[in-house]
Structure formats: structure tokens, C-alpha cells
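Hi everyone, thanks for coming.

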Amino acid sequence: ALPGPCDTVPRATVERLVRNAERRQSSNSTLTTCTYSSTGGDFRWLRVEAHLYAPGDTATPVEDARRYFGAQWTQAHEPTLERTVTLERERGLGDEAFRWFKIDKGQPTVVGQVTMRIRNVVVTVAYSEQARGADAARARERACLANADAVAREVRSRLR
């Protein structure tokens with residue numbers, strides 16, 4: 001079973017990354033989503049999404065999760081609403097993982113995203129903030145990816 005949608009990221013982490021966060025969540029037995037959005041003038045958001053492929057729902061839960069992860073990796077190579085700056089495999093996060101840093105087309109925002117598969121669960125953590133101009137966007141790459149990676153590791157530690 002998946003933990004509650006907003007039970008995987010410690011409150012202190014949320015406060016550090018998204019001050020004065022407003023929380024939105026949704027869940028069912030196979031998908032949980034939690035989004036934290038800033039309410040002040042400093043635009044930031046953090047989103048954690050987990051997909052569970054449960055043995056009761058499918059005969060091949062790990063394979064189904066592997067296929068879903070593969071589809072996410074393929075989709076990242078063909079973005080339509082963003083421009084990819086960095087897309088690379090990540091070691092040490094579950095069975096397989098990748099990191100993606102992207103710039104939203106038409107918006108002054110950047111996103112650091114980590115997607116990981118742990119057996120029959122696929123988790124995506126995305127952290128976004130405002131960055132006006134290409135130089136500002138590139139300057140935020142390391143920090144955005146580090147924040148998404150740190151949250152992904154916290155989420156991983158809370159999955160049973």
C-alpha cells in the first residue's frame with residue numbers, strides 16, 4: 001500500500017523548499033499525488049506522485065512498473081511544453097531512476113525532476129521555481145535537481 005499522499009515529505013523539508021505552502025492532495029489505491037504551492041510572491045512548487053502496481057491488480061506488478069517507468073523515460077526525450085537542459089540516468093535511487101532539468105516554454109519557470117522505480121512503485125518528484133531568462137534558468141539547474149533528488153531520497157525512505 002502507498003502511504004498517504006502528503007505523508008512522504010517531512011514538514012521541515014516542505015517549509016525549506018516552499019515557504020507558506022498550500023497543499024493539495026488526491027489519492028486512490030494505486031495513485032497518490034501531493035502538490036505544495038507557494039502562496040506568497042516567491043513562486044515555487046513541489047509535487048510528489050506515486051504509482052503502485054499492486055499484485056492484486058495485475059499478474060506482473062514489477063514488469064508493469066518497469067514498463068511505466070520506461071514510458072516516462074521515453075516521454076522525457078520528446079518534450080512538448082518544455083526545453084530539456086539535462087536528462088540522465090541516476091544511480092542509487094531504487095531499481096532505476098533518472099533526473100531531468102527542464103525550462104517551461106512560455107513561462108519563466110524551471111523544473112528539477114527525479115523519477116524512480118522501486119520494485120512495483122514509480123515515484124516522480126518535481127521541484128519548480130521562477131527563473132527569468134536563460135542565464136537565470138541555467139544558474140538554478142544544480143539547486144533544483146539537488147532539491148528534487150533530496151526529496152526523492154526522503155520519499156524512498158518512507159516507502160515500505
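Here's something to start with: by class, how many nonpolar, polar and charged residues does the lining of the largest pocket have? Keep in mind that this is a predicted model. The lining has eight nonpolar, six polar and five charged residues.

The space in this pocket is about 360 Å³. Of the 19 residues that line the pocket, Gln 72, Gln 75, Trp 100, Lys 102 and Gln 113 lie nearest its centre. Helix H2 gives the largest share of the lining, with four residues.

Now to the salt bridges; the structure holds 13. In general, side chains of opposite charge can pair when their charged atoms come close.

Look at helix H2, where Arg 67 and Asp 64 sit three residues apart, about one turn of the helix. They form a salt bridge, with the closest N and O atoms 2.4 Å apart. Arg 67 counts as partly exposed because its relative accessibility is 48%, whereas Asp 64, at 13%, is buried.

Next, find Arg 117 and Glu 96, whose side chains meet in a salt bridge at 2.7 Å, N to O. Arg 117 is in strand E6 and Glu 96 in strand E5, so this pair ties together parts that are 21 residues apart in sequence. Both residues are buried.

Last stop: Thr 115, also in strand E6. Is Thr 115 buried or exposed? Thr 115 counts as buried, because its relative accessibility is 0%. Its side chain makes a polar contact with the side chain of Thr 124, at 3.3 Å.

Notes: Residues numbered from 1 in each chain as written. Predicted model: local features only at pLDDT ≥ 70, side-chain atom pairs only at ≥ 80, totals over all residues. Heavy atoms only, no water. 1 Å grid on protein atoms, 1.4 Å probe; cavity = no way out; pocket = protein on both sides within 12 Å on 5 of 7 lines; lining within 4 Å. Points joined across faces, edges and corners; volume = space filled by probe spheres on them. Helix = DSSP H or I, 4+ residues; strand = E, 2+ residues; numbered from the N terminus. Nonpolar A, V, L, I, M, F, W, Y, C, P; charged D, E, K, R; others polar. Buried < 20%, exposed > 50% of the residue type's maximum accessible area, 1.4 Å probe, protein only. Polar contact = N/O pair within 3.5 Å; in protein donor to acceptor, adjacent residues only side chain to side chain. Salt bridge = Lys/Arg side-chain N within 4 Å of Asp/Glu carboxyl O.
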